[in-house]
Amino acid sequence: MRGILASSIGVTCAAALALPLAPPATAAATGPAPTAEAATRAAVTAPPDVPGSTQSLPLRPLTRDRATGATVLGLAPRAVRNFSLLGVVWDDPAAELHGRVQVRTRPAGGGDWTGWQDVETHYTDHGADPGSAEGASEGVRGATAPLWVGGSDGVEVRVLPLSDESGAGAGESGAGGAEAEEPGADDSGAGASAVLPSGLRLELIDPEGDPVDQARTGVMSAEATAASAANSALAPLGAAEIPALDGERTRQELLSLRGADMTEGQRAKPYIGPRPAIVTRRGWGADESLREKQFVYTGKVRAAFVHHTASGNNYKCSQAPSLVRGFYRYHVRSLGWRDVGYNFLVDKCGRIYEGRAGGVAKAVKGAHTLGFNSNSTGIAVIGTYGSKKPSSSAVKAVARLTAWKLGLYGMNPRGKTYLTSGGGNLYRKGKKVRLNVISGHRDGFNTSCPGGKLYKKLGTARSTAARYQGR
């Protein structure tokens, strides 16, 4: 997510995302889309794909911006296997992509190419804490946010790098019309190496290609059985949904789940919202063979961090399970995380989905708010909410979910709490930080997440959640 403070990263990326980009030599930004025949001719044989439904395509030099001398990397328009979600990844998870990433795609089955779409370049603020086993894993990579484009079979990508020094120059060229030249015969992309991370490649995800045979046949793998059994106190083994409960039954369930940890006063008058319905991992079709087998837990849940996925808003609610499967595959196969990063996801129609495996009522450690994944839970609203307001259904779902989840641990949604930072760009490692019990991602990290429009709704979510708890 873009930084919102005046750091060099924030300034650079804000400039990059605000300016037009010179078109590559292969296609003008406003020119006619390539024909299917031309795109097919341009197709190349990719390196061995990540197993499953991920296509991984290395980015190559396309052209050079004469005003800045920066080499534009990307892919010429080409035909590919069907996909619906995309993102750009690179080798070093600590490296930042100082630049602008744009893509356009062709709908599967025919149709005109889309216009250029920006891909959110800052995503390292979603992830495991620095120094943690998950964050230090050898296979972890840096990445952009994923972008949902719907069923597609053609793609074109361009990446314009910008350094602090070249940001102003790029602005001038963007305003006046940048000129581009073909890379020289001996150009290996060195013009970009000082700014762009190494190993840039495009990841194309087809969530419909994930094996969900256990959901279709009723035969559950050992991993699927374990994920479902983690919710055995709430729903039968193999359930596609954890059903909603009314207030009284939720309070009875709380006493059975956590009564031993509660004071006499808490047991006499527990503050907890009615349990909302939650689509389980089996319900959204998780391929449980992708993730690491073991579950990781933290001490308790003191806070909820609200995010947006920054994946765009052009989806139907009936497609939300496909988006969740896409995020899951992107996080695990492309980024190298142990599981999907968020503990829960919420679509714009207000449906709630189980995220990281381990049990929705338990303190599962996620990878959602770098530096504050311990003693917290992460809730991502599917979509991009910088300039678009979230639906009232989504905000209400966040309130219902937090009223229940925080209530399990005796937390007041309108209250404050202390969390110890695991390290980040706002708080040093080990610092105790006072935060709202329901916080936005930006409260723990210098980022625009969860988008300005969703962030403004968190006050409503807090008061509504407290009301659901009976406070």
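Colleague: If buried means under 20% relative accessible area, exposed over 50% and partly exposed in between (1.4 Å probe, protein chains only), which class does Cys349 belong to?

Modeller: This is a predicted model, in which local features need pLDDT of at least 70 and side-chain atom pairs count only at pLDDT 80 or more, while totals for chains, interfaces and linings use all residues. Residues are numbered from 1 along each chain as its sequence is written, and side-chain values use heavy atoms, without hydrogens and water. Because the relative accessibility of Cys349 is 47%, its class is partly exposed.

Colleague: Which residue is joined to Cys349 by a disulfide?

Modeller: A disulfide here is a pair of cysteine sulfur atoms within 2.5 Å, and the count by this rule comes to one. The link is right-handed, with 90 degrees about the S-S bond between Cys317 and Cys349. It connects distant parts of the chain, 32 residues apart, with Cys349 in the loop between β13 (344-346) and β14 (352-354) and Cys317 in the loop between β12 (303-308) and α10 (320-334). At an S to S distance of 2.0 Å, the partner of Cys349 is Cys317.

Colleague: Which residue of β15 stands opposite His308?

Modeller: Two strands pair if DSSP finds at least two bridges between them; β12 and β15 do so in the parallel sense over six bridges. β13 also runs parallel to β15, joined by three bridges, and there Phe344 stands opposite Ile379. Opposite His308, in turn, stands Val381.

Colleague: How many of the 16 residues of α11 (392-407) are buried?

Modeller: The buried residues of α11 include Ala394, Val395, Trp404 and Lys405. The helix is largely enclosed by the rest of the structure, because the number of its 16 residues that are buried is twelve.

Colleague: Which backbone nitrogen does the side chain of Ser132 reach?

Modeller: Ser132 is found in the loop between β5 (117-119) and β6 (142-143), and it counts as buried because its relative accessibility is 16%. At 3.1 Å, its side chain reaches the backbone nitrogen of Gly135.

Terms used: Helix = DSSP H or I, 4+ residues; strand = E, 2+ residues; numbered from the N terminus. Polar contact = N/O pair within 3.5 Å; in protein donor to acceptor, adjacent residues only side chain to side chain.
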